Structure formats: C-alpha cells, structure tokens
Amino acid sequence: MTAVIVALVLVGLYWTLLYRGVSLPVFTGVTVAVVAALWAIGMLGPIGVAVAAVLIGVPLAVFNIVPVRRALLTKRLYGVFRQILPEMGPTEKEALEAGDVWWEAEMFRGRPDWKQLHDFKLTQLTAEEQSFLDNETEQLCSMIDDWQVNFELKDLPEDVWDYIRNNGFFAMLIPKEHGGLGFSAYGQSCVVAKIATRSLTAAVTVMVPNSLGPGELLTHYGTKEQQEKWLPGLASGKELPCFALTGVEVGSDATKMPDTGIVCKRTIDGEEVLGLSLNFNKRYITLAPVATMMGLAFKLKDPDGLLGDPDTVDYGITCALLATDTPGVKIGRRHFPGATFMNGPIQGEDVFVPIDAIIGGPDKAGKGWRMLVECLSAGRGISLPALSTATGKGMYGITAAYSRIRRQFGTEIGNFEGVQEGLGVIGGYAYILENVRNLTASGVDHCTPSVVTAMIKYHATEMMRTVITHSMDIHSGRGIIMGPRNYLAAAYQALPVAITVEGANIMTRSLMVFGQGAIRCHPYVYSEMEAAHNPDFNAGLQEFDRLLFSHIGYSVNRAVRAFTLGITGARLAKAPLDNAMSGYYQHLERFSAALAFCADLSMGTLGGALKLKESTSARLGDVLSHLYMASATLKGFEVNGGTDEDKVHATWALEYHLHAIENAFHEFVRNYPVKAARPVLKLIALPRGRRFSGPSDRQNAAVCDMMLGMKLDSEFGKRMSYDLYIGRGENDPTGRLMNAFEKLQQVDSFYSDFLRGVKHGEIEGETVEDQLQDALSKQLLSADQADQIREYDRLRYDVLLTDDFSKEYLVNPLSEEARRAEGRPADLRIAS
C-alpha cells in the first residue's frame, strides 16, 4: 500500500512539474532529491540507486552538460535539419519577416498572458476625428444617392468627388506636416465604416488611397524629396492615386510577376538620364481610370550594372511612382466588378522614368515586396474589417427593424423561430465584428500585426457574407427588387469584391494565416530556421542546441497542460477576472495549449510538407483565428462594463467561437495525414470529445429580443450605431425604415392592443381606417392614439413598397424625359 501511495505521489509530482513547465536544471534537481529521499526511507537499496543512476542519471547528465549534449545529440540532428530544411527564397523570407507579432502570439503559444490584453488600451477617437465623423463624414453621406451612383451614373457625382477631394478624405493617413489629417488607424476605420453604411462605392473610393497605395508607401519609405513632391498634392486632393500590383496571371503569387523595369540611360532634353524602362500589364486597379499618379510594382533588372553592383542583375520586386500621363502609359478604361467604384486596367510599354522614381530611391531597389507586405498588413486591419463591421452593425438595426414592421399570419416576422435563427446570427456577428474591429485597428495603431490582419480580413468578410445572406433571406422580395428604396441589393451584389480583394479568402485561410502565423508566432521555430541557415556551422549549432531543448520542454509542457485542462473542463486554468466571462477565459487557455502542441506535432511530423497540406494548416489557422476573435470579445465586454446587453451578446459570441474551435480541431484530427498521430492529437486536443454546441435557441432568442426592442438612444444602441449613417428623410432608403421603426416603438403599447382586438373580433372593419373608427366608437382608443396608429400605418406601408420603373428609364436612365417621368432630378444632382 505504501508503494502505491509513493507511486501516486511521484506521478503527481512529475505531472505538476511538467504542467508548470519547470526548467531542465530544476527538473534534474528534483529528480536527484527524489532518488535521495527514496534511498533515505529505504525504498531504494544500493542496487536500485545504481539502476536509477544508469537509467535516469546518465541521460539527465547528458542533457544538462551542454558540450556533451551538443556532441552526442544535437550535432547530428543539426546536420540533418540543415540538409532537409528547404532554402527560403528572398520573397518568402520578406513575407515572413514583414510586420509584427502581437496578441495573436500569446494565443498561439498556449499560455496567454491575460494581463497583457487587459492592460492594452483601445484607441479612442480624438476630438478632431470625432468632429470629422460627425460633420464632414455625415455631410458626405447625406450627399449620396446610392441608386444614382450604382444605376444611373455608375460613378460618384462630380459634387461628391469634389467634396471628397476638398475635405481631406484622401489624406487621413498622411501626416499633418505634409498637409494630411494624420488620423489613427481606428479613426480611419470609423470614417470608412460610416461611409460604407451609405455607399460601398464611396467607401472604397475613400479607403483605397488610405490603404495600400502611394500615400502610405511614401509616408513610410519615401525619400524626403519624394514626400515633398507628392504628399501635399495627395493630401489636397489635387493628385488622385492608384497602385498597380495585380496582373493578368499574377494574383497571390507575386513572384511570377512578368512586369519589368530595366535600368538604362536615355538622353532627355540633351542630358543623359539614368532611369528605368518599364513594361507592364496590370488589372483590377482601383481608381486607375481617374488616377493622376500611380504606384507600380515590377521586377527590377540591371543587366549593365548601372546601379553600381556588377554582380547583381536581378534585384527583384521594386516599387516606383510616376504620373499617369507619362508617355507610354495606357489608362482610363474600366472594369465592372459588380460595384461602380473606379477600377480598371493599366498598361505600359517602354515607359521611361528617372531612377529616383523608385520609392525610397535607388537604395530601395529590390525592397518592394517587403514594403508592400507591411503596408498591406496594416491596410487589411483597417479597411476591410471596417466594411464588414459597417455591414454587420447596419444589418443589425435594419433587419431587426424590418422584422418588427413586417407582419405575416398576424404577427411580426421577428417572432418566428425560423427568422430568429438568422436574425440572431446577424446580432452575434455584429457584436463580434465591432469588438474585433476595435481591437485590431487599435493594434495597427501600435504596431503592424501581419498575422492578425490576415485572419481578420478572412473571417470578417466571411461574416459579412453570412450577415448579408441572412438579411436578404429575411427581407425576401423586399431585398431583391432594386431601386432607390433598396438598401440591401448593392451590398449583396458587391460582396465578392470584399471576399477576393487583398488576397482571395481561399488563399488567405489556407496559406497565410497558419503558414505565416505558425512560424512568426512560435517562440522557437523561426529562430531554429535561422540557426539552420547560419553559414557558420559551429555558431549555428550552439544556437540550435539552445533553441531545440527549450522547444522540447515547451512542447511537452503544452501537451500536459492541454490534456490536463481538457479532462478537467479547464477548471485548473486561471481566469484573470471573477465575473460572468471567467469560464470562457479558462476554456480559451485550454484550447490555446492544445493549439501549441498540435502545431508542434504537425511541424515535426509533416515538416516542409505542411504548407502543401492546406486543409490541415487552414484548420489550425481557424483555431488561432477564433482564439483571437474570442479574446477580442472578452476585451470588449470588460471595456464596456459588462452590461446586460453585453453579457447576452458576448455569451452568444463565445459559445459560437468555442464551438468553431472544437469543430476545427475535430476536422484537423479526423483528416490528419499521418494516421498514427491521430490518437495522440485527439487525446491532447479533445480528450473528452466535443463539448460545445454553439449558441442555443434560448441564447439566440435572447439576442433577438434585444435587437427587436433596441432603442438607438440607449447606451448599447449608441455604441452599436455611433459610426453608422442613418438617413432621416422620408425618401431616404434607410430613413423611411427607421422612421417607421421608431414610430412603432412609440405606439407599441396601444398598437398591440389594437391588433389583438382586431384579431379576436373585438374591433371590426375591412380596412385599417374602418378598424380605427370602430375602436374610437367603442372607446378602445383615444383620438390621439388613433392618429398615431394612422401615421404609423402610413409609414409601415411605405416601408413595404418596392420600386417599379418605365421601360424607357431602365433602357436609358439618363434620358431627360424618362427621368422626369420617374421623378428623378433632371440635372443629376442630389436634392438637398
């Protein structure tokens, strides 16, 4: 019996050591003490001590004596690792090194430091940014008739273009010293989100110059002369920029770019000028048809060594700036991507520009890819999450309002469980998107989090896709018929743009999130790769040895932690706060540990083949993404005071994320390429199987109840709508809806009694007017109440109407006669 107790104590002791992740010297010291204690109490005799010395002491001695360990073990492993590790091309290396790792690394490494998240300050709008949002942005939105933009003009009206140019909308990221607004990433995000709730075309027009483009590249990498030459014009709107990157056969794989710039000399105005002969064929370039200046990505070649390095011919991807009226540039034609923002091809044949057209000057020759990846990383964290959040929060209010106004079978359609299934998803996603957008944009204000922005681009736009689809389903025919009344169709039609831009979602999910995240976020892998590529064998060996044994201890610790937390329901994990969300912190820590181990085992068993197993890496990427998004929800919950509304929405969101994490792990294990590893992976990741089923019907209904009863002037309502544009005119597409919804809230108490009386035959009449007169005669309503119901019924009916047009207008919407017949402004200007 004593032996059993001692054995259990020893198992508990060593399990605790591994769970806590003690260092190798501490582990060794404890082991020596255990052997000594067993000898002292007589449980180990001389033979037992000798056996322990051979079986335990010798290996521990080898592991702890670094020169011995290095000679006997690490040197051979290092040699094999150097041979099998593929060479990392400069483009791949630059992509991996671009940007920073941030909070996502904590979620990846299996032991998140929650204090880091809680101490992080979300960016707040400055007084200047708030004023711009409330005034200039509000005014811009009020000027836009999106039906006119999308159907009649297929462009923004000239007065809108002028307003955007003259009021700094193209200059939000440009520093104030160059005439720009110098807004934070979060400030830019709020402006883009608000515009997007009015017009996707206007939002894209504004966001592109403030995302990947000449302005950002010049700000970060341009020479002083380039900044002084171009930035004031960009800030004032005199210059309209575009950036030409994507080509006919070049999308995600920029290394196959056929566009070239050959260093050469030309005689210009009697003087010999060193420059570039550019040949390119680009497409999908936003603002290209109207741009006055362009950034261009191309492969730089210097066959004659004119840049001063005769040994270098191929410099690689480089970026340059040039005016679009430079001889040889062909520009002006348009693509039509389902939305009407300016987008088109650009070609150039033997376009000559001076060598100082290279962004950053000749010293930046061949450095273009890193510049692009870093700027693209930041842009992904601002613009596309802003569009997605605008859609989520916009549909939150709009679809909830419509679900109350629209009645079928004698009841509001929002009361049907089938409608609530989709409505609850809209509400939950909107809450997730807002918190993720806030955390990510704030992160961009502090660093350049490349992995985070890739994962959020993918998940935010996919959530947007789902939100729009559910909204269309709930609106049914009201959302299909296009016209000035329709506030859904333009977003639905343009949705594929967000899915494909800045990296198609399929590629982003399957290649970028985990492919880059696993290496950048891991505490040892990238450093081990660098050690393996060290041309000094001995120096590389020393560093590799140190990293390898730290890595082994890290992986064992994460496996033990994940398994322990898994079988105990994460109860041993420490939550940073004691509140309604405490349990969710614990579960996220458990899954973080499981991800760390699964990532290690995957890289160990699959090696370089892992990046070819795209579904495998994509599922691990999904785990990392949902861990990050769930932590953003927890951050938002705490920042906003944990209100009742936040509790309902945050619970829905976290149940959704944990369900998605378990499903990703399940599919990862079930389909893992190395079958022998599947039992181990399942034991660590899901030792008790899947425990989370997603938001329940009750939780979904709780979100729906809040959506259907939410008032815009409530604290939560203001938070969910502060950066949205809500038109107020009766002829405004969203204004007529929200006016009716607010009127419904005013009459709700007695309107419900009125409808109930009609249903039960207490109030009679064929029409609403007859019913009101009958209710008045029976003193079931006051005259004032009847007038309010009469007004609401007029507004309600107007909301349900759809547009219809003459054949002449549909054929030629710019015809003066057709416009007059449809009541459209003859001069194509917005009525004030």
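I began with burial: I call a residue buried under 20% relative accessible area, exposed over 50% and partly exposed in between, using a 1.4 Å probe and protein chains only. This is a predicted model, so I asked for pLDDT of at least 70 for local features and 80 or more for side-chain atom pairs, while totals for chains, interfaces and linings use all residues. I number residues from 1 along each chain as its sequence is written, and side-chain values use heavy atoms, with hydrogens and water left out.

**Entry: salt bridges**

My rule was a side-chain nitrogen of Lys or Arg within 4 Å of a carboxyl oxygen of Asp or Glu. Searching the whole structure gave me 36 salt bridges.

I looked up D803 and R485, which meet in a salt bridge at 3.9 Å, N to O. D803 is in the loop between α33 (783-800) and α34 (807-811), and R485 is in the loop between α20 (477-480) and α21 (489-500), so this pair ties together parts 318 residues apart in sequence. My helices are DSSP runs of H or I with at least four residues, strands are E runs of at least two, and both are numbered from the N terminus. Are D803 and R485 buried or exposed? Both are buried.

Next I checked R756 and D753, whose closest N and O atoms are 2.7 Å apart. Both lie in helix α31 (residues 735-759), three residues apart, about one turn of the helix. R756 is partly exposed at 42%, and D753 is partly exposed at 45%. I also noted a network in which salt bridges with shared partners join D145, E152, R819 and R824.

**Entry: aromatic rings**

I paired rings of Phe, Tyr and Trp (its six-membered ring) with centres within 6.5 Å; planes under 30 degrees apart are stacked, over 60 edge-to-face, the rest tilted. That gave me 26 aromatic pairs. One of them is W15 with F563, edge-to-face at 6.0 Å centre to centre and 70 degrees between the planes. W15 belongs to helix α1 (residues 2-20) and F563 to helix α24 (residues 537-567), 548 residues apart. W15 is partly exposed, at 36% relative accessible area.

I then looked at W114 and Y585: their centres are 4.9 Å apart and their planes at 85 degrees, so I logged the pair as edge-to-face. W114 counts as buried at 4% relative accessibility, as does Y585 at 0%. F132, Y163, F169 and F183 make up one aromatic cluster.
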